[in-house]
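Please keep the model open as you read.

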Amino acid sequence: MKKKFISALLCVAMTATMLTGCGGGNNDKNSNNNSSQVENNNTGDDANAGDDANAGDDANAGDDANAGDDSSSGGGKLTVWCWDPAFNINAIEEAGKIYQASHPGFELEVTETPWDDVQKKLTTAATGNALDTLPDIILMQDNAFQKNVISYPEAFTDLTGSSIDFSNFGAAKTAYSVVEGKNYGVPFDNGAVIACYRTDILEEAGMKLEDFTDITWDEYLEKGKEVLAKTGKPLLSCQSGESDVIMMMLQSCGSSLFDEEGKPAITGNESLKKVMETYAALVKEGVLVEVNDWDQYIGTLNNETVAGTINGCWIMASIQTATDQSGKWGITNMPKLVDVADATNYSNNGGSSWAVTSNCKDVDLATDFLASTFAGSVELYENILPSGALATYLPAGDSDAYGKAQDFYGGDAVFSKITEYAGKIPSNNTGVYYYEARDAIATAIQNVVGGSNVDDELATAQGTVESLMQQ
């Protein structure tokens, strides 16, 4: 999930009004929000050096520091691994300050650890019987959460029944870190899908933002053809060979590539077939233009090549780098599928959640810290909003900071709107082979766009995933 994330997500708009890196396979490298943006910031031994800091006595020295008595007296220490100084690390350190205000002896030690390194270190610890090398808390990409808990259950702490109130988060967001009915993660950043449009281009075509609100993909296609004819601009762009748009469409109706038992559910999946057919129609009519890489995709937005985009809300960071376009963008919900059961105008793309490891010396302290901050503090989310950390903590959506009009988006209170969207997203099942399935679907859709039969391509994708699962 690594793309060049602009950590100023929402900063332009938020500063003006005083209040701005997860996808699959290599989709996460090109489509996730903060949970994938740290690579360029983490080069060098200092950024990635963690074996001594994270695996030795210092990182895990906690018997004294994390003893329960210290916790009850307001003391105690927690160690954390996460990535992206401007986003995730800023957020966890701000949470530490808020918690420390009521727990004066509390300490938080955060080690900058790129996502790839988090995954590698977790895998090494679990497979090498070295769980004592893990910190107390790690940040986990949502699309990898279930896979890791299922693969390495001994590495995680069950948070079900703790002081954390999971009902304060969108159900779909919480579901990413639920395995067999048990909660293993505290939701963090928002990956709610938004449809962003250049309102000035729509106006040129005789339309407005409201014409694209609560619509179907069939309506989107027809309106897109009209916009293309009148302005010469497609409505949408995406990377060729990626499956992000496919997965956003699929989740919008609560469907998945796997059944509840974790078996591939690709063939005979009528929702998926409809998604593939819709995508192919968008490309055929020129409403959706495919480009070669992430930079070209961002270029279509900043260079006014297209009239809009549909992606996780973190895309706002890249949109806002074109400061001359302030006031020309509007945000609404995505289209929904036609003739598909449980179709909605809401989906998710990207995001991450906090996990407490089994190596945590003071689980009560860790859960109280998370319950009091990421799962209980509107103040925290207001403080980190300028760095682009939109909440999935639903009460934050009602705060004054989230309710402020944003000039970049035509004076709309987009942050409260996006938080509302997050509460309406259907859940989907990721499972252990989620990334492999996404890759298979990415190949299938390119073949379908090239003229292949949809059913044949879905059967091939199903066979590919089944073969990988048997290895």
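Which hand does the crossing of α13 and α14 have? It is right-handed. A crossing is left-handed if the near helix is turned anticlockwise from the far one by less than a right angle, and right-handed if clockwise.

This is a predicted model: local features need pLDDT of at least 70, side-chain atom pairs count only at pLDDT 80 or more, and totals for chains, interfaces and linings use all residues. Residues are numbered from 1 along each chain as its sequence is written, and side-chain values use heavy atoms, with hydrogens and water left out.

1. **α13 with α14.** Find helix α13 at residues 244-251 and helix α14 at residues 270-284. (Helices are DSSP runs of H or I with at least four residues, strands are runs of E with at least two, and both are numbered from the N terminus.) Their axes come within 9 Å and cross at roughly 135°. Axes are lines fitted to C-alpha atoms, for helices over the stretch in contact, and angles run from 0 to 180 degrees between N-to-C directions. α13 and α14 are therefore oblique to each other. (Angles under 35 degrees count as roughly parallel, over 145 as roughly antiparallel, 65 to 115 as roughly perpendicular and the rest as oblique.)

2. **Who touches whom there.** From α13 come V245, I246, M249 and L250. They meet S271, L272, V275, M276, T278, Y279 and L282 in α14. Contact means heavy atoms within 4.5 Å. By class, this contact has nine nonpolar, two polar and no charged residues. (Ala, Val, Leu, Ile, Met, Phe, Trp, Tyr, Cys and Pro count as nonpolar; Asp, Glu, Lys and Arg as charged; the others, Gly among them, as polar.)

3. **α14 with α20.** The axes of α14 and α20 lie 9 Å apart, at an angle of about 50°. That makes α14 oblique to α20. The crossing is right-handed. L272, M276, Y279, A280 and V283 of α14 make the contact with I441, A444, I445, Q446, V448 and V449 of α20.

4. **α14 with α21.** Helix α21 spans residues 454-470. The axes of α14 and α21 are 11 Å apart, and the angle is about 120°. α14 is thus oblique to α21. α14 passes α21 in a right-handed crossing. L272, K273, M276 and E277 of α14 meet V454, D455 and L458 of α21. This contact has four nonpolar, no polar and three charged residues.

5. **The second largest cavity.** About 70 Å³ of space lies in it. On a 1 Å grid over the protein atoms alone, a cavity is a set of points where a 1.4 Å probe fits but cannot get out, and a pocket is an open set with protein on both sides within 12 Å along at least five of seven lines; lining residues have an atom within 4 Å of a point. Among the lining residues are N143, D244, M247, Y434 and R438. α13 gives the largest share of the lining, four residues. By class, the lining divides into four nonpolar, six polar and two charged.

6. **The largest pocket.** Its volume is about 360 Å³. Of the 17 residues that line the largest pocket, D259, E260, E261, G262 and N429 are the closest to its centre. α9 (142-151) and β4 (178-179) each supply at least two lining residues. The lining has seven nonpolar, six polar and four charged residues. A volume is the space filled by probe spheres set on the grid points, which are joined across faces, edges and corners.
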